[in-house]
Amino acid sequence: MNKYETIQDFMSSFGLKAYEIYSVPDNAKLPYLTYSAEIGKIGEETSFVVNLWYKTTRNDLPNSKVDEIDNALKGGAVIDCAEGAIWIKKGSPFCQNMIDENDSSIKRRYINLSAEFIML
């Protein structure tokens, strides 16, 4: 798989439907996650944002998914791709809670990551 397919596969591994940030279909059902991965050239580290989207009155569901992603990235995660590998690490701050001013049942978690495209 190329680096973009590899990122899609990794983002889909958390049990939610994963979409690139500007590719969410109109009929998408919550919960899902969106991501924007700007994977640069070999050796470059770039920012990488993941948004978790839930429609619920509870915080435990999105918070549990944040914990799952946090645990998967202890020390970073190196995922192989056809061109080498991508090293995904936690950014700072790792996660921020966001609200939707129009719908208080929309729970959003804004997760900061970094990604470095490396050769193996």
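Phe 48 counts as buried because its relative accessibility is 0%, where buried means under 20% relative accessible area, exposed over 50% and partly exposed in between, with a 1.4 Å probe and protein chains only. This is a predicted model, in which local features need pLDDT of at least 70 and side-chain atom pairs count only at pLDDT 80 or more, while totals for chains, interfaces and linings use all residues. Residues are numbered from 1 along each chain as its sequence is written, and side-chain values use heavy atoms, leaving out hydrogens and water.

The count of aromatic pairs comes to 3, where rings of Phe, Tyr and Trp (its six-membered ring) pair if their centres lie within 6.5 Å, and planes under 30 degrees apart count as stacked, over 60 as edge-to-face and the rest as tilted. One of them joins Tyr 35 and Phe 48 in a tilted arrangement, at 6.4 Å centre to centre and 45° between the planes. This pair links distant parts of the chain, since Tyr 35 lies in strand E2 (residues 32–37) and Phe 48 in strand E3 (residues 45–55), 13 residues apart. Tyr 35 is also buried, with a relative accessible area of 3%.

Along the sequence they follow the pattern α-β-β-β-α-β-β-β. Of the 120 residues of the protein chain, 44% count as buried.

Conventions. Helix = DSSP H or I, 4+ residues; strand = E, 2+ residues; numbered from the N terminus.
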